[in-house]
Amino acid sequence: MSKSTGWDRRLSVVADGKRLIGHAGAVLLRRCADRTGLTQALAKVLPSSTAAGWRERAGVLVQLAIAITLGAANLSEAEQLQLHHRPLFGSAASDSTARRTLSALDEATLIKIAKVRARVRRHVWSLLRLRPGGFPWLVLAGKRLTGWIVIDIDATIITAASKKAGAAVTFKKTFGFHPLAAWCANTTESLAMCLRPGNAGANTVADHIAVLTDALVQIPGSSAAKILIRVDGAGATHGLLEHLEALNTTRRTVRYTVGWKITEDDEKAIAKLPESAWETSVHQDGSLQEGYFIAELTGLNTREGWPEGMRLIVRRVKPTRRHLKKLTAFEKKTGWRYCITATNIRHMWGIAGSGHSQFLDVLHRSHAGVEDRVRTNKAMGLDNLPSASWEVNCGWMLAANLASDLDAWVRLLALHDIKGLADAEPETMRFRLYHLPARLADHARRRWLRIDATWPWAQAFTTCWQRLTALPTVT
């Protein structure tokens, strides 16, 4: 009787390989940073020197962003990854050099970097318009929002396991930080992010305005004519809504949808609605959503002091078991659970039926996608802030934002028509492309990075490299 051969028969594992490159996807990210002009632009605003042993700060920041995209969770891991990649990118910056780079990012430098990011983004967006599918306009309820840039604002909690500068007890009774951020829903880019102490308020008007102002700076002028801003219930403040209304000019149209905290006055207004006023809600694809109903509450609500022309759209649904304990007396009496959206949208230019309450409900509900942006940003460096220093953590947050942009640009510019990668999340990108092993070889006075041909996404890797290499550079 023959004995079956095990998979490990005569197998030895040794660490003596040479010219082997792990996480080979770093070349895609660095190629994207260079071809879009990010590396060169940062070099013009960050310190530089010709002294022996000096590390160019732009290269340090870009390589740190790449390491974060690949999964580095702190400066030490970023250093080890860069040491491994020395055959590709040259000598690596130590973790202490990276720390000094981040701690030196004062307010004036951050403002310069924001302007640099805006210039590079303008170039990237011009390239997106040249794609076969054009710029990635949102499609909601079967309607394509051509010409509209959608900005989603939301806050999140970053927990801290130790005492760090700014860490405090949060409103969720955890300990850490409470940053506020803005993302572009069209491209998934991280436009602006403000690190705040853990005890920062959820609906602080000044913080919302500051983050929104920084986000608008990132929108290229050629795309800033029609802006839609979406915020959850934390945005339903007099100060923020008045600011949003004031942003409208003859050259720029600003529309918003925000969550609305229901009061007794709102419930009295809802009680006045006849049954005929309720319409069936619709799904994101435009089909009817049975069991969910929408009605216009504008005009029945007597609450004063809010911007003139603001509309209220109320939505009702039968409560689930987990909502029963949170129902108000009015909701228990009617048997429905209600939520309200406030908006200044009467009509969105170029979008037929955009003033209808069903569409406005779908438009605001899609703001829930911002949770995906929060989750993916935490998967790329923001799950934990690595330093006890506030300045270093602010710099790390900037590097994480750059990482988010690089990942988005790689997908938008070079993988937009490859199924399974165009909208891939960080873990998928790492498994399929970024964490691929490769062999670095020298032949015919050239270096060759060889990917195993049997890997299912090997062709996608080489296609991505070729497309990024073919991008026109900024002059």
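Is Glu296 buried, exposed or partly exposed, and what is its relative accessible area? Glu296 is partly exposed, with a relative accessible area of 28%, where buried means under 20% relative accessible area, exposed over 50% and partly exposed in between, with a 1.4 Å probe and protein chains only. The views below show a predicted model, in which local features need pLDDT of at least 70 and side-chain atom pairs count only at pLDDT 80 or more, whereas totals for chains, interfaces and linings use all residues. Residues are numbered from 1 along each chain as its sequence is written, and side-chain values use heavy atoms, with hydrogens and water left out.

**View 1. Glu296 and Arg311 form a salt bridge.** The closest N and O atoms of this pair are 2.7 Å apart, a salt bridge being a side-chain nitrogen of Lys or Arg within 4 Å of a carboxyl oxygen of Asp or Glu. The pair links distant parts of the chain, since Glu296 belongs to strand 13 (residues 288–296) and Arg311 to strand 14 (residues 311–317), 15 residues apart; helices (H or I, at least four residues) and strands (E, at least two) are DSSP runs numbered from the N terminus. Arg311 is buried, at a relative accessible area of 6%.

**View 2. Asp361 forms salt bridges with Arg315 and with Arg365.** Between Arg315 and Asp361 the closest N and O atoms are 2.8 Å apart, and this pair links distant parts of the chain, with Arg315 in strand 14 and Asp361 in helix 12 (residues 357–365), 46 residues apart. Arg315 counts as buried at 9% relative accessibility, and Asp361 is buried with a relative accessible area of 4%. In the salt bridge between Asp361 and Arg365, the closest N and O atoms are 2.9 Å apart; these two residues are separated by about one helical turn because they lie four residues apart in helix 12. Arg365 is partly exposed, with a relative accessible area of 24%.

**View 3. Helix 4 (residues 75–84) has buried residues and a cap at its N-terminal end.** Leu75, Ala78, Glu79, Leu81 and Gln82 are the buried residues here. They cover an arc of only 165 degrees around the axis, and therefore lie on the same side of helix 4, the arc being that of the directions from the helix axis to the C-beta atoms. Among the elements that cover these buried residues are helix 3 (57–70), helix 5 (86–89), helix 6 (95–103) and helix 14 (390–414). Asn74 caps the N-terminal end of helix 4, with a side-chain oxygen 3.2 Å from the backbone nitrogen of Ser76.

Conventions
Contact = heavy atoms within 4.5 Å. Polar contact = N/O pair within 3.5 Å; in protein donor to acceptor, adjacent residues only side chain to side chain.
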